[in-house]
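Dear colleague,

I am passing on the structure we spoke about, and my notes on its salt bridges and on one helix contact follow below it. Please read them with the model open.

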Amino acid sequence: MAPERRLIAPGRRIFRHDTFGDEQLWTDVPRMNEVVQTLPPATALAVGLKVDREALPGKIVAALRAGKVDLNDPAVTVDLLGLNAIVGVKGRVNRTGQLTSLGITCALCHSTVDDSLAPGVGRRLDGWANRDLNVGAIVALSPALNAATKAQLNAWGPGRYDARFHAFDGKNLLTLHRRSSPVEIPSIYGLRGVGFETYTGDGVISYWNDYVGITQMGGQGTFRDRRIDLFIRQHPDLVAPKLPALLAYQLSLDTPPPPHGSVDRAAARRGERLFRGQAGCAACHEGPHLTDVLSGPRVPFLHAPAEVGTDPTEAERSATGKYRTTPLRGLWQHPPYFHDGSAPTLLAVVNHYNRLFKLHLAPEEKADLVEYLKSL
């Protein structure tokens, strides 16, 4: 078995269940254990938290199917945490039923469920962005945050997160920028061969895992990047040793195919010819991964915001000041599009580039391009 194959199983455990010691943030600073202790399951599901049906005992599954679980009882939320059933959230419950600590895992933002048991309750879909998750609204419930910070968090909305607003250094929340500017939480399947995970190509995939694991999740570790003037040092490092296995699991997550019958294949074939010809999309969305980002193993090829006609805010706050060409994968699954969600549909994406590059596409040509994009 290849070394990276042996890492997939431990990587899955890390992705789903490892907090990297980030209880030091979520329990000690915003005191989210106090918040979740009072959160009814109905509210938790409404803000996008998901429940893993595989972690539920048979009697609870039967009770859910029969509508006999009180979704307005906060004690049920604590029970679910005790079962390790809330995707991406880890809680420690004492003998008296008190939630004494809380941490999060990678799966909180980058997994969802298939709703096979009930809305928000089903089998895990790892790598799929949780576009229902309202991280800002959840964190804004903290009793430890001031009103101004809560207002900015509440403005994020579902499926959005700002990884450049604050950073955690093991003791304190550091303000990176005075104003928040959230982006769409990305899906992370189909990354094998892509090389750079972020919208701005700040580094290879494990660079961003390290950044998020330490500065955003609040895990215990060391992160240094002179380009953004951020230096965090904590020992022992609970993040760096786990990055190879985490990456192996991420790279094992395949792009989900579009649902059967959802794509007009004849139109998609016409759309592919437009994509590679008249529309010129393949000039940037090139190669097997449909991106030109890989000019070298550690040197991404990037574009100025004006080149692609998108809002420059995220680029200006990054280490590169530019955007990568997004690898086109599973587009049917994760609207809205662009880093800021400014294109609600694939047709809106096509219209954006039709205007920007003066392509003069006819309505039927736009429709064909959309069918091709849905097929990826």
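In these notes, buried means under 20% relative accessible area, exposed means over 50%, and partly exposed lies in between (1.4 Å probe, protein chains only). The model is predicted, so that local features need pLDDT of at least 70 and side-chain atom pairs count only at pLDDT 80 or more, while totals for chains, interfaces and linings use all residues. Residues are numbered from 1 along each chain as its sequence is written, and side-chain values use heavy atoms, with hydrogens and water left out.

R317 counts as buried because its relative accessibility is 9%, and E314 does so at 7%. The two side chains meet in a salt bridge (3.3 Å, N to O), a term that stands for a side-chain nitrogen of Lys or Arg within 4 Å of a carboxyl oxygen of Asp or Glu. Through shared partners, salt bridges join E314 and R317 with D162, R164 and D202 into one network. The structure holds 16 salt bridges, and another of them pairs D52 with R124 at 2.9 Å, N to O; both of these residues are buried. By contrast, R31 and E34, whose closest N and O atoms are 3.1 Å apart in their salt bridge, count as partly exposed, R31 at 32% relative accessibility and E34 at 40%.

As for the helix contact, I205, S206, N209 and D210 of helix 11 meet L243, L246, L247, Q250 and L251 of helix 12, where contact means heavy atoms within 4.5 Å.

Best regards

Key
Helices (H or I, at least four residues) and strands (E, at least two) are DSSP runs, numbered from the N terminus.
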